[in-house]
Amino acid sequence: MRRLAAPAGTLAAAAAAFAWVGAVDPNEPGHYPVCPLHSLTGVLCPACGGLRSAHAVAHGDLLTALGANAPAVAGYAAFAVFVLVWLVRAARGLPTAGPRPRPAHWWALGALLLVFTILRNLPAGAWLRP
């Protein structure tokens, strides 16, 4: 049971966070702090719309979630897969070393988020805005 504590605790914390965001609607002003970059400059950062997408995921509305912030939804899915694999491997007594991304993976992720950020702030990328 001890080896299940970390993955089960992580899963419980993520579920609690999604339950909170599902219960407290980020579309209503005053519940969460505003994005400082957007409020000061009008530029949408790569995380803008992340809470709205989490709220939509918590309510099972995948299309709305993708419209609010598609990379965040991909991140939620990747995190869920990682935690579930971690939990199953821990339950079976297997080594639980997580993914080990190389610098090229981090650079690729950074480039993808940079392109996403630039596109969503251009007139042609209006469909990427939350």
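**Figure 1. The whole chain: how much of it is tucked away?**
Buried residues make up 22% of the 130 residues in the protein, where buried means under 20% relative accessible area, exposed means over 50%, and partly exposed is in between (1.4 Å probe, protein chains only). Keep in mind that this is a predicted model: local features need pLDDT of at least 70, side-chain atom pairs count only at pLDDT 80 or more, and totals for chains, interfaces and linings use all residues. Residues are numbered from 1 along each chain as its sequence is written, and side-chain values use heavy atoms, with hydrogens and water left out. The protein has 5 helices and 0 strands, giving the pattern α-α-α-α-α as you read along the sequence. Helices (H or I, at least four residues) and strands (E, at least two) are DSSP runs, numbered from the N terminus. The C-alpha trace spans about 50 × 40 × 25 Å along its principal axes. Take the contacts (heavy atoms within 4.5 Å) between residues at least 6 apart in sequence: 54% of them join residues at least 24 apart.

The buried residues of α5 are Phe116, Thr117 and Arg120. Seen down the helix axis, these buried residues fall within an arc of 100°, so they line one face of α5; the arc is that of the directions from the helix axis to the C-beta atoms. On the other side of α5, you'll find Pro103, Ala104, Trp107 and Leu114 exposed. Helix α4 (62-91) is included in what covers the buried residues of α5.

**Figure 2. Where α3 meets α4.**
The axes of helix α3 (residues 50-58) and α4 come within 7 Å and cross at roughly 90°. Axes are lines fitted to C-alpha atoms, for helices over the stretch in contact, and angles run from 0 to 180 degrees between N-to-C directions. The two helices, α3 and α4, are therefore roughly perpendicular to each other; angles of 65 to 115 degrees get that label, while under 35 counts as roughly parallel, over 145 as roughly antiparallel and the rest as oblique. On the α3 side, the contact uses Gly50, Arg52, Ser53, Ala54, Ala56 and Val57, and α4 brings Thr64, Ala65, Ala68, Asn69, Ala72, Val73 and Tyr76. The residues of this contact of α3 with α4 divide into 8 nonpolar, 4 polar and 1 charged. For that sorting, Ala, Val, Leu, Ile, Met, Phe, Trp, Tyr, Cys and Pro count as nonpolar, Asp, Glu, Lys and Arg as charged, and the others, Gly among them, as polar.

**Figure 3. Zooming in on Ser53.**
Ser53 sits in helix α3. Is Ser53 buried or exposed? At 0% relative accessibility, Ser53 counts as buried. Leaving aside neighbours within four places in sequence, Ser53 is in contact with Ala65, Ala68, Asn69, Ala72, Val73 and Tyr76.

**Figure 4. Helix α1 and its meeting with α3.**
The axes of α1 and α3 come within 8 Å and cross at roughly 95°, and α1 and α3 are therefore roughly perpendicular to each other. Phe18, Val21 and Gly22 in α1 meet Leu51, Ala54, His55, Val57 and Ala58 in α3.
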